[in-house]
Amino acid sequence: MLEKIRSTLGGYCKGSNQVQVKCPCHADKSPSLTVTMADGKILFYCHAGCTQDQVYNALHSRGLMPEKTTRKTSSINKYLQGGKTRAA
């Protein structure tokens with residue numbers, strides 16, 4: 001995944017789990033977006049100040065990020081929505 005991001009956006013490897021690439025959200029002359037693979041997750045940070053949503057949407061529109069998934073509803077949320085509760 002990181003190699004695909006690097007080759008698509010242009011940049012360089014910073015190690016086995018990190019690349020520095022040109023941010024797809026703004027006109028980038030030098031790579032300002034750090035993309036890291038950690039614990040099976042893709043993390044990214046634009047050093048020029050683009051938001052997480054802007055970066056995600058730009059990467060996703062280029063086929064470089066999967067669809068966002070929602071987290072499982074926690075037990076407290078199930079309770080608040082009328083789900084079963086534990087015995088007191």
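This is a predicted model: local features need pLDDT of at least 70, side-chain atom pairs count only at pLDDT 80 or more; totals for chains, interfaces and linings use all residues.
## How β1 meets β2

Strand β1 is joined to strand β2 (residues 18-21) by four bridges, and the two run antiparallel. Strands here are DSSP runs of E with at least two residues, numbered from the N terminus, while helices are H or I runs of at least four. Two strands count as paired if DSSP finds at least two bridges between them.

Residues are numbered from 1 along each chain as its sequence is written, and side-chain values use heavy atoms, leaving out hydrogens and water.

## The whole sheet

Follow the open sheet across and you meet four strands in the order β1-β2-β3-β4, with antiparallel pairing. Because β1 (11-15) and β4 (41-46) stand at the edges with a single partner strand each, one side of each has no neighbour in the sheet.

## Two helices

Helix α1 (residues 2-9) lies across β1, β2 and β3 (33-38), at about 15 degrees to β2. Such angles run from 0 to 180 degrees between N-to-C directions, using axes fitted to C-alpha atoms, for helices over the stretch in contact. Contact means heavy atoms within 4.5 Å.

## A look at S32

S32 sits in the loop between β2 and β3. Is S32 buried or exposed? S32 is buried, with a relative accessible area of 9%, where buried means under 20%, exposed over 50% and partly exposed in between (1.4 Å probe, protein chains only).
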